[in-house]
Amino acid sequence: DVKVTQSSRYLVKRTGEKVFLECVQDMDHENMFWYRQDPGLGLRLIYFSYDVKMKEKGDIPEGYSVSREKKERFSLILESASTNQTSMYLCASSFFLSGLAIEGQFFGPGTRLTVL
Amino acid sequence: SQQGEEDPQALSIQEGENATMNCSYKTSINNLQWYRQNSGRGLVHLILIRSNEREKHSGRLRVTLDTSKKSSSLLITASRAADTASYFCATFQGAQKLVFGQGTRLTINP
């Protein structure tokens, strides 16, 4: 069974704090993703990574950065948290797809972040 | 950018009834996926249907795909209370990125 774990289920931070959200997967997946989920807006991709030290911007990267130093770990960093970053953050992983290979993504349980 | 859009946004039925959710998408696809999300949790991959398939089954789930209409449907038969969740369709944008719709919230009443 693929396991994707996230460091916290609930997190409360203050405006201006630096926030680290950690994600670890145990299936040797090349791809890892960070989404945020907000009511009425669905899931939006923040960043993804298809290899160690590689990263690609998603649809809403502003205010976020990421780090992928090891294959199994993908960190999302909020350099200076703001109230509009209060959200549910979801990490996912998948194999790198080539040719006709198609796979689903495996999600972690989510981190509900509140910025006060 | 949103590729898939689910319909209806919310659905409430009695336990034992069938539930049907629809997804429409805009551009051509290689495959379409359905995911479930229980309240406050991560998404779980349910089923994937390729563009050359018209119908696929997995237990009580039946997915259809009509590429000419750019639409898919997810049918859950003999619904149970545990099926209460949000259901999302997703398609690939580029080689590695999935784009999700906003989901259908399904409530099964006992």
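Two strands count as paired if DSSP finds at least two bridges between them. Keep that rule in mind for this predicted model. Strand 7 (residues 61-66) and strand 8 (residues 71-76) of chain B meet the rule, with 6 bridges between them in the antiparallel sense. One position shows the pairing residue by residue. Val63(B) stands opposite Leu74(B) of strand 8 of chain B.

Now follow chain B on the other side of strand 7. Strand 6 of chain B is joined to strand 7 of chain B by 4 bridges, and the two run antiparallel. Here His57(B) faces Arg62(B), which belongs to strand 7 of chain B. The two strands form a hairpin with 2 residues between them. Within that hairpin, Gly59(B) adopts a positive phi near 60°.

These pairs belong to a wider arrangement. Which strands lie at its edges?

Asp7(B) and Pro8(B) are joined in the cis form, with omega at about 0°. Pro8(B) sits in the loop between strand 1 and strand 2 (10-14) of chain B.

Turn next to chain A. An open sheet of this chain has 4 strands in the order 1-3-8-7, with antiparallel pairing. Why is one side of strand 1 (4-6) and of strand 7 (64-70) of chain A left without a neighbour in the sheet? Both strands stand at the edges, and each has a single partner strand, so one side of each has no neighbour there. Neighbouring strands of this sheet are turned by 20° against each other on average, direction ignored.

Look inside that order at strand 3 (residues 19-25) and strand 8 (residues 73-78) of chain A. They run antiparallel and are joined by 6 bridges. Phe20(A) has Ile77(A), in strand 8 of chain A, as its bridge partner. Side chains also link these strands. Glu22(A) and Arg73(A) form a salt bridge, and their closest N and O atoms are 3.8 Å apart. Glu22(A) lies in strand 3 of chain A and Arg73(A) in strand 8 of chain A, so the pair ties together parts that are 51 residues apart in sequence. Over all chains, the count of salt bridges comes to 10.

Chain A also has a backbone angle to point out. Lys53(A) is not a glycine, yet its phi is positive, at about 70°. This residue is found in the loop between strand 5 and strand 6 (56-57) of chain A.

What happens where the two chains meet? Chain A brings 26 residues to the contact, and chain B brings 20 residues. The size of an interface is often given as the accessible area lost when the parts come together. Between chain A and chain B the buried area is about 1800 Å². Carbon and sulfur atoms give 53% of that area.

How many salt bridges cross this interface? The rule finds 1 between chain A and chain B. Its partners are Asp59(A) and Lys97(B), whose side chains meet at 3.8 Å, N to O.

Which strands of chain A supply at least two residues each to the side that touches chain B? They are strand 4 (31-38), strand 5 (42-49) and strand 9 (87-94) of chain A. By residue type, the side of chain A that touches chain B divides into 15 nonpolar, 7 polar and 4 charged residues.

Note on methods
Residues numbered from 1 in each chain as written. Chains lettered and ligands numbered in written order. Predicted model: local features only at pLDDT ≥ 70, side-chain atom pairs only at ≥ 80, totals over all residues. Heavy atoms only, no water. Contact = heavy atoms within 4.5 Å. Buried area = accessible area lost by both parts, 1.4 Å probe. Salt bridge = Lys/Arg side-chain N within 4 Å of Asp/Glu carboxyl O. Nonpolar A, V, L, I, M, F, W, Y, C, P; charged D, E, K, R; others polar. Axes fitted to C-alpha atoms, helices over the stretch in contact; angles between N-to-C directions.
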